[in-house]
Amino acid sequence: MSETVPVCERTITCAVVERGSRFLLELAGGDVIVVGAGPSGLVAGRYLAEKGLKTYILERRLSFGGGIGGGGMLFPRIVVQEPAHEVLRGVGVSREPYSQGVWVADVAESIAKLAAGAVDSGARILLGVSVEDLIVKGSRVCGVVLQWSAVALSGLHVDPLAVECRAVVDCTGHAAEVVSIAAKKNPELKVAVSGERSMDAITAERRTVELTGEVVPGLWVAGMAAAAVGGGPRMGPIFGGMLLSGKKVAEAVAGSLDRG
Ligand code: 48F
């Protein structure tokens, strides 16, 4: 075995800062920003990147997977029904049949492979950043305002940076944070967050996909955020709707940017 290459602190620091800065500069020239690296965001990122769009997924935490990690009340399994199980198959997640058209998948494997699917398609994930506002010009959303999550948690007042893009996709889950910001700060956009309704899994799975789409020019919503915006019910640890919603929003955004 060859000897370990000695690397001094200066080299380590320069490598991190130089290449990390390059990443941030490239982010400023991206096409689509997906907010949230849960199941809907990871799937949206994968399909957007597959369509050749420069796609960035921004995630508040230092990990991805969102609500998948908690499985069902911490039992390490999630349920996925047909035809959404094809989305898991597409990234190599093994699925165990449970009943007719119903599959069960491992939590850790699903997180790892959905994220790898997004990254392998060319989507780039930035962890530890929070979207705290939007760029709004007239009636159009033109980008996001970012802050390091660590700074946001510290309570210090540090001015954020803003990044323009051609489309923003809110995949922030139950709180629909990005659409909520749009609604609260920009009444003229006439967008509202109805709030999610109590559990009804069958209706919720269908409604989540139906409610996926553009809410304001330039601002799209998918996953549980779509249910929250449109007043759909919650569904518990079944993930077919999340996966199909991520796929649907990617196809719709790509179609709209093609036409634009
Ligand atoms: O909550 P999350 O997994 O959303 P999702 O993709 O899936 C919902 C399911 O996990 C589950 C469910 C279905 O069975 O009910 O809850 O709709 O992932 C949302 C991600 O967005 C991040 C958050 O940390 C999480 O990883 N996030 C939320 N707000 C922000 C954010 C923000 N302002 N900036 C950056 N990331």
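These legends accompany several close-up views of the structure shown above.

Please keep in mind that this is a predicted model, in which local features need pLDDT of at least 70 and side-chain atom pairs count only at pLDDT 80 or more, while totals for chains, interfaces and linings use all residues. Residues are numbered from 1 along each chain as its sequence is written, and side-chain values use heavy atoms, with hydrogens and water left out.

**View 1. V5, V7, I12, V16 and V17 make a nonpolar surface patch.** The patch covers about 470 Å². Patches are built from residues with over 30% relative accessible area and no salt bridge, joining like charges within 9 Å and nonpolar side chains (Val, Leu, Ile, Met, Phe, Trp, Tyr) within 5 Å. The accessible areas come from the Shrake-Rupley method with a 1.4 Å probe, and for residues only the protein chains shown count as cover. Look for V7 in the segment before α1 (9-27). Helices (H or I, at least four residues) and strands (E, at least two) are DSSP runs, numbered from the N terminus. V7 counts as partly exposed, at 48% relative accessibility. In these legends, buried means under 20% relative accessible area, exposed means over 50%, and partly exposed lies in between (1.4 Å probe, protein chains only).

**View 2. Helix α7 (residues 201-210) meets helix α9 (residues 240-259).** The two axes come within 8 Å and cross at roughly 10°, so α7 and α9 are roughly parallel to each other. Axes are lines fitted to C-alpha atoms, for helices over the stretch in contact, and angles run from 0 to 180 degrees between N-to-C directions. Angles under 35 degrees count as roughly parallel, over 145 as roughly antiparallel, 65 to 115 as roughly perpendicular, and the rest as oblique. On the α7 side, E205, T208, V209 and E210 take part in the meeting; their partners in α9 are G240, G241, M242, L244, S245 and K248. Contact here means heavy atoms within 4.5 Å.

**View 3. R207 and E210 pair within helix α7.** Their salt bridge has its closest N and O atoms 2.7 Å apart. A salt bridge is a side-chain nitrogen of Lys or Arg within 4 Å of a carboxyl oxygen of Asp or Glu. The two residues are 3 residues apart, about one turn of the helix. R207 is partly exposed at 27% relative accessible area, and E210 is partly exposed at 40%. Salt bridges that share partners join R206, R207 and E210 into one network.

**View 4. V87 is buried in helix α3 (residues 85-90).** Its relative accessibility is 3%. Leaving aside neighbours within four places in sequence, V87 is in contact with V43, R46, Y47, L243, L244 and K247. R89 and E86 are 3 residues apart in the helix, so they are separated by about one helical turn. Both ends are partly exposed: R89 at 47% relative accessibility and E86 at 36%.

**View 5. A salt bridge connects D133 and K185.** The side chains meet at 2.8 Å, N to O. The pair links distant parts of the chain, with D133 in strand β7 (residues 129-137) and K185 in helix α6 (residues 177-185), 52 residues apart. D133 is buried, with a relative accessible area of 17%.

**View 6. S110 sits in helix α4 (residues 107-121).** S110 is buried, with a relative accessible area of 0%. Beyond its neighbours within four places in sequence, S110 is in contact with I68, I78, V93 and A105.

**View 7. Two loops carry backbone features worth a look.** In the loop between β2 (55-59) and β3, M73 has a positive phi of about 50° although it is not a glycine. L74 lies in the loop between β2 and β3 too, and its phi is near 75°, again a positive value in a residue other than glycine. M73 is exposed at 78% relative accessible area, and L74 is exposed at 70%. Moving on to the loop between β3 (77-81) and α3, you will find P83. A cis peptide bond joins E82 and P83, with omega about 0°.
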